[in-house]
Amino acid sequence: MAIISACASTSCYTPPPSGGEGRLCKYTGQSVRALPIRIITVGKKRSAGVQLLVEEYTNKLKNYCSLHDLPIRSNPRNARDEKAQVDDEDKAVMNLIRSDDWVVLLDERGRDIGSEQMAELIGDAGNTGASRLSFCIGGPYGHGQQIRKRANISIRLSSMVLNHQIALLVLVEQLYR
């Protein structure tokens, strides 16, 4: 079992709004269990540039934790109906989720978090008894009901709607941060 020091970087320091002392991450100076991380992304084939950047961050992260990138093809049965497409994608994602996964749904309606809260989320997940941390990025029409119900937390990376490729890049950069 790998142990990492969560929040060891200065990115976990929250500066005060107007002078005074800032807030340190709750895991500063502590060790937390590093869970294997999986990123499940529903979408079309990635561009070469995006894939290159994902691989670069994956290589950087392998010194700290196990990271697996699992792309799922959008609309696996070529459904013409949006609901049928979302349902098919939902089933494909749920088939990859184990009962002991700690699931983070990336969704435009999720909780707005910053880098410090992302570090705390990862630290908290390591203390839940889960065997793996799974991030789920939805397809063009979002997530299905099964994964929404299964998720332990729903977060958003931006108040703007992001293309799944951009969301993936932002996520891997934040995991590295």
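Exposed, in this tour, means over 50% relative accessible area, and buried means under 20%, with partly exposed in between. The structure on display is a predicted model.

**First stop: Arg 109 and Asp 107**

Please select Arg 109 and Asp 107, whose side chains meet in a salt bridge with an N to O distance of 3.5 Å. Asp 107, at 9%, counts as buried.

**Second stop: Arg 46 and Asp 69**

Next, select Arg 46 together with Asp 69. Their side chains form a salt bridge, 2.4 Å from N to O.

Now display helix H2, which covers residues 82-94. Within this helix, select Lys 83 and Asp 87, which are four residues apart, about one turn of the helix. The two side chains meet in a salt bridge of 3.1 Å, N to O. Lys 83 counts as exposed, at 55% relative accessibility. Asp 87 is partly exposed, and its relative accessible area is 27%.

Select Arg 38, Arg 98, Asp 100, Asp 101 and Arg 132 as one group. What links these five residues? Arg 38, Arg 98, Asp 100, Asp 101 and Arg 132 are joined in a network of salt bridges. How many salt bridges does a search of the whole structure find? The search finds ten.

Select Lys 60, and show the side chains of Tyr 57 and Tyr 176 with it. Where does the charged end of Lys 60 sit? The charged end lies over the ring of Tyr 57, 5.1 Å from the ring centre. The charged end of Lys 60 also sits over the ring of Tyr 176, at 5.2 Å from the centre of that ring.

**Last stop: aromatic rings**

To finish, show the aromatic side chains throughout the model. How many aromatic pairs does a search of the whole structure find? One aromatic pair is found. Such a pair of rings is described by the distance of the centres and the angle of the planes.

Methods:
Residues numbered from 1 in each chain as written. Predicted model: local features only at pLDDT ≥ 70, side-chain atom pairs only at ≥ 80, totals over all residues. Heavy atoms only, no water. Salt bridge = Lys/Arg side-chain N within 4 Å of Asp/Glu carboxyl O. Helix = DSSP H or I, 4+ residues; strand = E, 2+ residues; numbered from the N terminus. Buried < 20%, exposed > 50% of the residue type's maximum accessible area, 1.4 Å probe, protein only. Phe/Tyr/Trp six-rings, centres within 6.5 Å; stacked < 30°, edge-to-face > 60°. Lys NZ or Arg CZ within 6 Å of the ring centre and 35° of its normal.
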